[in-house]
Amino acid sequence: MHPVASTESSETQRPGRLKRAFGRPLRLLWRHRLPVLLGMSLVPVHAAVTLWMPGLIGRTLDLLTAAAQAPPDPDTSTIATSDPETLAAGYGDLRAACLVLLALGLAEAVSRFVSRRLLIDVSRHVEEDLKNDLVAHLQRLPMTWFDRSRTGDLVSRLTQDAELVRFVMGPLLLHGGNALCVLPAGAWLMASMNVPVTLAAAGVFGLLLFAFRSVMPRLHKWSKKSQEAVGEISQQAQEDFAGIRVVHQFARVERERAAMATKNRRYLLANLRLVRLRSLLNALTHTTSGAVLLTVLAVGGYEAIAGRITVGELFQFIGYLALMTFPLEVLGWTIAMLPRAYAGANRIAELFEVEPEPNTGAAPELTGRIRVENLTFTYPEAERPALADVSFTLEPGQKLGLVGPVGAGKSTLLALLMRLYDPPRGTIFLDDHDLLDLEPEIVRRRFALAAQEPFLFSDTIANNVAFGDAAAPAPGDAAAPAGDLIPSTLDAAVGAAALDQDLPQFRDGLSTLVGERGVTLSGGQKQRVSLARALLSDRPGLLLDDTLSAVDPGTEQRILRGLETARRDRTVIAASHRLSVVADADLILVFDAGQVRERGTHEQLLAGAGRYAAAWQLQAESDALESNDPGGDGEEGAA
Ligand code: ATP
């Protein structure tokens, strides 16, 4: 099963679904426990301060009413103005209440500001940690997993889904904490004043909870669809723009546009549903607030007329309700967002569940002897082996040539040597260590690969060449140009790869930016940047995977001469369709359909008069034709 496409089943079947989705963000939250605890400890302070206010105002109102009115005249039943002493006491009460309110207001503002800052900041840090951890995890996943994953989808999980988790985490901490304090405390305060009014208010709130419960499953379903649609859109956008030339060449612009429009519509429909459901919840929350107020006014007003509560107490009730309504509304909004965050967190959790490649094993000193014994390898899910019964031994400093038609298994052998895929046990040995017993990183660090389809970063040529050098800056880090770091070795590698002959064509020489994936370079130039990168990296093994397929014969000869000097005593394994690249090898293996059909040195193979000799003859004739062709000195196959 595709590991990234497993959301549906796991989500509906696994127990502890919430733990699975939010377990990691919560653990990350624990990393920032100090600000969380500090912020959370201020939440009850804030709640206490705000809940104090309605009581204070209510009691002051009652005192003022009493102070402003003398007791009614028993004869006439009229209300007279109070005497000056009572009035003075009333003014005193008013001043004291205002001062306390001012202090409470200040305390409220400070506790609100500090707790909000601390808790919202933490949610940002958790998002950052989550993204960093995810990138670190993805980089440890095996190649077989990447063969089946989709870059656009990964990007949307890494960005949008991680943001969604943050989006609810901060408000949930802040308003959730506030609601946890304000709601029970407010309810208790209200109940201690008057039970019937409290029960009436609670009944209306209960209806709201019921409405939430019935809307949530649909909210969840459409949130998931919306997130999946985002993944599809970013996947197609990524492929369309990376492959824009192919799209244009094959006049597929309209078709791609239509496909994108379909995905966009799917996204739109999911979001329209979400907007509808959220609007419904929003309206319900607001209407409930109004309904509760109305109920309290009606029931409370009746109680006030009956003399069971004062007007000040009725005001106090309404004040508590106002305080309880706000966290409820915000909590309602946050809960409405929860399904989206849950869907996002689940999509992230799925990635974390993919087992990383263990980076364990021996890390001995190696001389670099390579021994391959009866290697047969089949890619996961492939039907026939890509390599069958391959054996050879290569001493340090020797050169091995791999030739054969397309799909013969040459690149597969290189990938296995670098342990990008795990070979069967007992088939590949470095010195006398089984490759599987060595730390994968130790193995990879022994080889520098100049790939058949080189990958260049959106950076300068110099930084791309210096990519394999430990002292070089990360791609895109303009702060430390590679050319300044290691000029002499960089120039030597550039010269050995015959890239120097192209520099006058580039506006800023080695500092020229190459565009995404090196789109502004020709195929041959990209190959030579990749070759210079491999030469500069100074690793003991040099793997050339048809690296010179897109350069003309003249340049090829120059590179081969440069390579002889630049490789020094490094072991070289060169896979190539061009036999001239392997002619000086200590051993040449001729592959066909994963099997070694011929083996030997160039001279032995020519003498054998087999496939190699025939191919050599053919290539010599074609090279002779090409060198006579006045227009045939350019590079082939520019991207
Ligand atoms: P070329 O000269 O075209 O580069 P090659 O000799 O390097 O060809 P490989 O790339 O090693 O050939 O491919 C050998 C076989 O393995 C081919 O049939 C190919 O389809 C298959 N193959 C290559 N990579 C994978 C992969 N990641 N998953 C499954 N099959 C693969």
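Where is D546 found? D546 is found in the loop between β7 (541-545) and α17; helices (H or I, at least four residues) and strands (E, at least two) are DSSP runs, numbered from the N terminus.

This is a predicted model, in which local features need pLDDT of at least 70, side-chain atom pairs count only at pLDDT 80 or more, and totals for chains, interfaces and linings use all residues. Residues are numbered from 1 along each chain as its sequence is written, and side-chain values use heavy atoms, with hydrogens and water left out.

**Backbone and burial**

Most residues other than glycine have a negative phi.

| Residue | Phi | Relative accessibility |
|---|---|---|
| R419 | near 55° | 7% |
| D546 | near 50° | 3% |

R419 lies in the loop between α11 (410-417) and β4 (428-430). R419 counts as buried because its relative accessibility is 7%, where buried means under 20% relative accessible area, exposed over 50%, and partly exposed in between (1.4 Å probe, protein chains only). D546 is also buried, with a relative accessible area of 3%.

L99, by contrast, has its place in helix α4 (residues 84-138) and counts as exposed, because its relative accessibility is 60%.

**Lining of the largest cavity**

The residues lining the largest cavity include L531, L544, T547 and V581; lining residues have an atom within 4 Å of a point on a 1 Å grid over the protein atoms alone, and a cavity is a set of such points where a 1.4 Å probe fits but cannot get out. Helix α17 (residues 553-566) gives the most to this lining, with three residues.

Note on methods
On a 1 Å grid over the protein atoms alone, a cavity is a set of points where a 1.4 Å probe fits but cannot get out, and a pocket is an open set with protein on both sides within 12 Å along at least five of seven lines; lining residues have an atom within 4 Å of a point.
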